Amino acid sequence: MTALGWSFLTLIWTLLSALTGWCFYLVLSPSAKPHETALPPSGRM
Amino acid sequence: MTEKREEWGTRIGLVLAMAGNAVGLGNFLRFPVQATQNGGGAFMIPYFCALIFLAVPLMWCEWAMGRLGGEKGHGATPGIFAMLWKHPIAKYLGILGMFLPFGVTVYYCYLESWCLAFSWFSLTGRYHEVTEVAKMKDFLHSYQGLNTSFFGGLGTAYCFFLLTMTANVYILYKGIQGGIEKLANWGMPILFVFASLLVLRVLTLGAPDPSLPDNNVINGLGFIWNPDFSQLGNAKVWLAAAGQIFFTTSVGFGAIQTYASYLKRKDDVVVTGLSTTMTNEFVEVVLGGSLAIPIAFAFFGRDMMLDIANGGSFNLGFAAMPVVFQKLPLGAIQGFMWFSLLFIAGITSSVALLQPVVAFFKDELRWSHGKAVAVTGGICFVAAHVPILGLKAGALDEIDFWVGTFGVALFALLETIIFVWIYKPENAWREIQDGAQVRAPGFFLFVLKYITPVYIGALLIAWTWQQGPAVLRMEGVSAADAAWRWGARGLLVSIFAAMCYWVHQAKDRIEEAK
């Protein structure tokens, strides 16, 4: 494998692992309760 | 007043079920072949562009639409579109969100049953005398009833298909928490463990034949990852990357809306949705990209690997991989793990693809749960005989083009226009952000309004242009095969017509619940 191939593999594996890990950290975090955001009144029907 | 609908039991269960919906056979079979054929590491540039500009915004739209629909008792897109767009035609356009996932399961359950069968064959040694890729292809074709070298007919394949259909119907019958969520809670961790163990085995394999030191796993990884930047100027590579992202994230089908309709009103969709997309990407790029191609490269070398990859995904998964496993110690166990993980990836997707029709029957026609599941499973079972018996004639490919290629791009464009432009961008954005644990960056509103629809429109035109005329004219199809292909078209038209009738029957309920 070329140096560029290794760079792509390392960069993308790290990025995906970090992002997936961050998402799961938030999902499993005890403070991750659904909450209302301070949004203006919804235009929902 | 709407009656209480089912809900997800836990947030992690929801993430695993949604990830199970997205993670399918394509993560392990289609992605590595596409990457290899389209510039290697350079493929990841258009691939990630499509992820950011196409998949993530669409996924947020579908989650938000689904949650909004569920709040008003609509779990399928006919009702959801009617809420978003007060026009009589909206509910009929929404039929696509039931028709496409159902159309896919008509052949997908059969493909899934091959994985179940081959995992059984791995354990029982049914193919252990077959040690060459060409012979293994014969074995697969014989299993599919295309020759009689290894199987006398379609009987074995049909038994495994019946088992697979029964498992799908049973899971749907057990409901959201008791069936789908439980399947995801057990199945997805098993899939991760099996895939991770196999990746570890691949990465520690080195060069299996010391007399051919260049045929090793590192060069196999290089076969996927070494970038060929000259390919970036080729429109075909950008189309292939966008297509792969489309198929792998399961956007544009209508199935995500149905799962999201079982959310609570204030549940987060931004982070939870992103978690499922990232899980899918992790499974596809990190795990899927490290399995089939590197190990097959190490055993067969570059030239044969090119032949195998050019022969398509099933060639790689069902002909090359079983031969590789037989050359390894404890190969039967590894073969079992490989095909089991494919089966789990398949069944977690097929139940998600059948659920929109079940939800429609329950929510809009007020059928009992048992009746809704029985009718959905029954129609799918009967319809599946067209791709099963017409496999050689290309009936499966015919259905796949209309629902899996043309249909998804058309539906994705429609839902984006309805949710973002007709429902208004500010309302769509508010729906996405409502309840968000971490707010989506404002940049994505611009992406949703302009980039995503143009991206999908370009894909729809390109795919129709590239494949449409050949499929429509049935180029190179014999008269006997054409009859099966017309049969497949007739089947799709019949299913669509039945859905139009049911939506028409439910129009009062759909419109009163807006």
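**Exercises on the cavities and the chain interface**

The second largest cavity, in this predicted model, has a volume of about 40 Å³. A cavity is a set of points on a 1 Å grid over the protein atoms alone where a 1.4 Å probe fits but cannot get out, and lining residues have an atom within 4 Å of a point. The volume is the space filled by probe spheres set on the points, which are joined across faces, edges and corners. Residues are numbered from 1 along each chain as its sequence is written, and chains are lettered from A in the order in which they are written. Local features need pLDDT of at least 70, side-chain atom pairs count only at pLDDT 80 or more, and totals for chains, interfaces and linings use all residues; side-chain values use heavy atoms, without hydrogens and water.

**Exercise 1.** Determine which residues line the second largest cavity.

*Solution.* 
1. The lining consists of Leu198(B), Arg201(B), Val202(B), Leu291(B), Ile295(B), Met321(B), Phe325(B), Leu328(B) and Gln334(B).
2. Helix H10 (175-203) and helix H16 (313-326) of chain B each give two or more of these residues.
3. H10(B) gives the most, with three residues.

**Exercise 2.** Describe the contact between chain B and chain A.

*Solution.* 
1. Contact (heavy atoms within 4.5 Å) joins 48 residues of chain B to 31 residues of chain A.
2. In chain B, H14(B) supplies the largest share of the side that touches chain A, nine residues.

Definitions and conventions. Helices (H or I, at least four residues) and strands (E, at least two) are DSSP runs, numbered from the N terminus. On a 1 Å grid over the protein atoms alone, a cavity is a set of points where a 1.4 Å probe fits but cannot get out, and a pocket is an open set with protein on both sides within 12 Å along at least five of seven lines; lining residues have an atom within 4 Å of a point.
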